[in-house]
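Reader: Take me through the labels used for this model. For each one, I want the value and the criterion behind it.

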Amino acid sequence: MKPSAKSKLVNAELTMKTLFIFGGDSRIGCAIKHFNRYNCDIRVLASTRRRETEHGEFHFELNANSPYPALKAGDEALICFGLTNIGFCEANKELAWNINVSSTLHLIKHLYDAGVHVCYLSSSSVFEGRTTACSITSSKTPKSLYAKTKAAVEHKICSDYLSNTSILRMPKVTGTGWSLLDKWRGEYHSAGLVRPFSNRYIYPIGIEKICSKISILFREKRLGVLHVNGGQKISFSTLCLQNASSLGIDHKKIQPTKDTDWKRGLMQTPNLLPNF
């Protein structure tokens, strides 16, 4: 009996290389999912916290003993989830460490043991307090708990999993859906005024560049620590003014102010020197 067209399609999908996105609900995860589905010849499956999954999704939560999807050697996995709010991590240290470090490393080990090429998304925050652009050989200086969790996972990867794992560090990814833009929009609609900091800075990077770099990373099987650099240094207040129209904010209602929280000053992050 000849196999049906449907069974042939199913078999082809099972043998095709698969990119697993752990963090498919995140802004970066969603962008990577769509980028790869439309630009790369690869099967893409993305995790979701929702119990009812759609086509191309699988339910997975880091701290909920979720079952792992079926993996095979040669597959690829992107890890882009965890707790990212610095204030929340500081207020919930044990929870943040369990999710961002313990559970994440457990996942990485499982993927690595299955022969999966893993890409762990890290951050320029591991260089908190630096004022000049950092290279992959620069000493890490994490100060916030969030940054310390990133540094801890990086350390373990470099110690045990580097033969099939990539660490991709990047500055703050800006653009649509960025929480700070949503915060400014909310402030304007609730108070009619926005007070962005004039003495806090970022080196913005667009999500399209991140998608392209991750695609190259997997295609060329780049292993080890990799840096993607951001753009020119820009203050929050200037960024707010630049995005005022798209946010529906009257630029005359933007009043730049100085951030006097010295702790946030210590956690200022630098740009990165790219190496691919």
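Author: Start with helix H5, residues 145–161. It has 17 residues and reaches 23 Å from its first C-alpha to its last, close to the 24 Å expected at 1.5 Å a residue. The model is predicted: local features need pLDDT of at least 70, side-chain atom pairs count only at pLDDT 80 or more, and totals for chains, interfaces and linings use all residues. Residues are numbered from 1 along each chain as its sequence is written, and side-chain values use heavy atoms, with hydrogens and water left out.

Reader: What makes 24 Å the expected span of H5?

Author: The expected span is 1.5 Å times one less than the number of residues. H5 has 17 residues, and 24 Å is what is expected. Helices are DSSP runs of H or I with at least four residues, strands are runs of E with at least two, and both are numbered from the N terminus.

Reader: Which residues of H5 are buried, and what covers them?

Author: Buried means under 20% relative accessible area, exposed over 50%, partly exposed in between (1.4 Å probe, protein chains only). The buried residues of H5 include Leu 145, Ala 147, Ala 151, Val 153, Ile 157 and Tyr 161. Their cover includes helix H3 (86–91), helix H4 (93–113), S5 and S6.

Reader: Why is Asn 271 called buried?

Author: Its relative accessibility is 12%, so Asn 271 counts as buried. Asn 271 sits in the segment after helix H10 (262–266). Beyond its neighbours within four places in sequence, Asn 271 is in contact (heavy atoms within 4.5 Å) with residues including Thr 132, Pro 171, Tyr 203 and Gly 231.

Reader: Is Ser 246 buried or exposed?

Author: Ser 246 has 59% relative accessibility and therefore counts as exposed. It is found in helix H9 (residues 244–247). Its side chain reaches the backbone oxygen of Asn 243 at 2.9 Å.

Reader: What is the strand order of the open sheet?

Author: The order is S3-S2-S1-S4-S5-S6-S8, seven strands with parallel pairing. Strand S3 (57–59) and strand S8 (224–227) are the edge strands, each pairing on one side only. From one strand to the next, the twist averages 20°.

Reader: How do you know that S1 and S4 pair?

Author: Two strands pair if DSSP finds at least two bridges between them. S1 and S4 run parallel and are joined by four bridges. Leu 19 has Glu 76 as its bridge partner in S4. S1 also pairs in the parallel sense with strand S2 (residues 43–48), again over four bridges. The chain goes from S1 through helix H2 (residues 27–39) to S2 in a right-handed β-α-β crossover. Right-handed means that, with the strands pointing away from the viewer, the path from the first strand over the helix to the second runs clockwise.

Reader: Why is S1 described as largely enclosed?

Author: Five of the five residues of S1 are buried, so the rest of the structure largely encloses the strand. Both faces are covered: Thr 18, Phe 20 and Phe 22 are buried on one side, Leu 19 and Ile 21 on the other. In a regular strand the side chains alternate between the two faces of the sheet.

Key: A polar contact is a pair of N or O atoms within 3.5 Å; within protein, one must be able to donate a hydrogen and the other to accept it, and residues adjacent in sequence count only if both atoms are side-chain atoms. Axes are lines fitted to C-alpha atoms, for helices over the stretch in contact, and angles run from 0 to 180 degrees between N-to-C directions.
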